[in-house]
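Trainee: I have a model open on my screen and would like to talk it through. Could you help me read it?

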Amino acid sequence: MSKVFGGRYQIGEMIGTGGMADVYLGEDQRLSRKVAVKVLRSDLAKDPSFLSRFKKEALAAAGLNHSGIVAVYDSGEEGNNSYIVMELVSGITLREMLKSHTPIESDRAIRIVVGVLDALEYSHRNGIIHRDIKPGNIMLTDGGDVKVMDFGIARAMDDIGATMTNTWNVVGTAQYLSPEQATGEVADLRSDIYSVGCLLYELLTGKPPFTGDTPVAIAYQHVSAPLIPPSQINPELDANLDTILSVALAKDPKDRYQSAQSMLEDLQLVLRGEPITTKIKKLVPKRNRFILAAAGVTFFALVGLAFTFMNGKAPGPIIQIPNVVGLTQDQASALLNGYTINFQHAPDSRIPKDRIASQLPLAMAKVQKGSSVTLTISDGPGDTTVPANLINLTLEEARNEITAAGLVIAQIVPVNSSAQPGTVIQVSPDPGSTISAGSGLILQIASGSIQVPNLVGLTGIEAQTVLTQSGFLIKEITAYDQTQAIGLVLAQAPAAGSTQSIGSQVTITVNKQN
């Protein structure tokens, strides 16, 4: 790599890395100021789609001039290197803050999100949505200011052809994706608002609203799983925050805040100790009545309707999507003729390279003919690194880190220890090791016992959410009972109320017609 880019930017040490690019400390020799230089990874620079996206970031962010947005000064190419020159910000990301386990008071969390919303209101007014709001893309400066960065998949609002773009860290990103992004639909400013809701939820409770072991599992929860009110996790929270988050995290964009400013204003009311707007409160009973009325609809029908209404189209013929996992791209395209297909790439240890590794919606889901289908093409196993910070994390925190690294938990071994029950005390392979993506890790956790929740009558997705958040591993089998709705849990083992070790396995039997 050349040490001087564009005849003026002296390249120094690496200070960060991400899914698309590495970031270096630089010095603008012409203006005598420190800058950050983001350089597209060499393995991605050969891919025209990644190169186009990287250049789009420079164009999108360069036109934004706001104190809450990391400024982009310049961009260019030096040999085989494409780069962006940005404002150098001294501080930490919200992801680093959350990893430190430093308690965040609710008022501070709200003020941070108000800063994010203020920046987004400005970018939305200028026709740019971010599409990748998450803790890793929000910085807190040493002076306490909020800075939104990485408009890597931002787009102009009139670019109606743009949909979700996959990156290496798709699993981590999936925790903050809106339902319409998770299903491959076009994102608008309300998608940013949903992601901000996920961010606020995590700052207030210490965990994202939905977690899972795979992007598909997380995506399905965004689309269909009920939201656990944050006050159930942290009873000290203002009840108005439950209402605000129920609106920000509504499944249907029409039920969300319609601007960043409107959500910002409600959060400012909470900070002042004032009641939130009557309009928002009326929207939430209205939606609750609808949910109660729809309670008897089967899970797959709910998914199909969600896809339909997020498209803004009148209901049409509902059909089952065929299974294309394992097929080539051409074979899958032929079988899905008539659907809008979005292709993306990701490492996968189970599916051969250049074959379909996963599909969303899942096979046999009932959706409207012509709906959007997102297919992930396997890039082969690839390599990833065992996260270095797993020791002393809770099982759920460790699962989030492991999943974000493209790995899975293969086994959990409870052991006697003086450490806090339920925390990780040893990992195999060792943290920092380079292994194939998709590999399984063995975790030793400090033993402790908890009660198994009652899962019978929940949907399979709801049961998985409850078990994941309780600290259990999940095994799912199927059976058919014509007297029960498809998708409901018919039985569980061990029984509800029994005491089991943290990290042990719970088997659920889900109603499915073979």
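Mentor: Happy to! This is a predicted model, where local features need pLDDT of at least 70, side-chain atom pairs count only at pLDDT 80 or more, and totals for chains, interfaces and linings use all residues. Residues are numbered from 1 along each chain as its sequence is written, and side-chain values use heavy atoms, with hydrogens and water left out.

Trainee: How many helices and strands are in the protein?

Mentor: Helices (H or I, at least four residues) and strands (E, at least two) are DSSP runs, numbered from the N terminus. Counted that way, the protein has 16 helices and 26 strands.

Trainee: What share of the 514 residues is buried?

Mentor: Buried means under 20% relative accessible area, exposed over 50%, and partly exposed in between, with a 1.4 Å probe and protein chains only. Of the 514 residues, the buried share is 49%.

Trainee: Is helix H10 largely enclosed or open?

Mentor: Helix H10 covers residues 239-248, and nine of its 10 residues are buried. Among them are Leu-241, Ile-244 and Val-247. With that count, H10 is therefore largely enclosed by the rest of the structure.

Trainee: Which residue caps the N-terminal end of H10?

Mentor: Look for a side-chain oxygen 2.8 Å from the backbone nitrogen of Asn-240. The residue that supplies this oxygen is Asp-238.

Trainee: Are H10 and H11 roughly parallel or antiparallel?

Mentor: H11 spans residues 260-271, and the two axes lie 10 Å apart at an angle of about 170°. Axes are lines fitted to C-alpha atoms, for helices over the stretch in contact, and angles run from 0 to 180 degrees between N-to-C directions. Angles under 35 degrees count as roughly parallel, over 145 as roughly antiparallel, 65 to 115 as roughly perpendicular and the rest as oblique. H10 and H11 are therefore roughly antiparallel.

Trainee: Which residues of H11 meet H10?

Mentor: Contact means heavy atoms within 4.5 Å. On the H10 side, the partners are Asn-240, Leu-241, Ile-244 and Ala-248. On the H11 side, they are Met-263, Asp-266, Leu-267 and Val-270.

Trainee: Is Leu-267 buried or exposed?

Mentor: Leu-267 lies in helix H11, and leaving out residues up to four places away in sequence, Leu-267 touches residues including Ile-110, Leu-200 and Ile-244. Because its relative accessibility is 0%, Leu-267 counts as buried.

Trainee: How far apart in space are Leu-267 and Val-114?

Mentor: In sequence, 153 residues separate the pair. From C-alpha to C-alpha, the distance is 7.1 Å.

Notes
A polar contact is a pair of N or O atoms within 3.5 Å; within protein, one must be able to donate a hydrogen and the other to accept it, and residues adjacent in sequence count only if both atoms are side-chain atoms.
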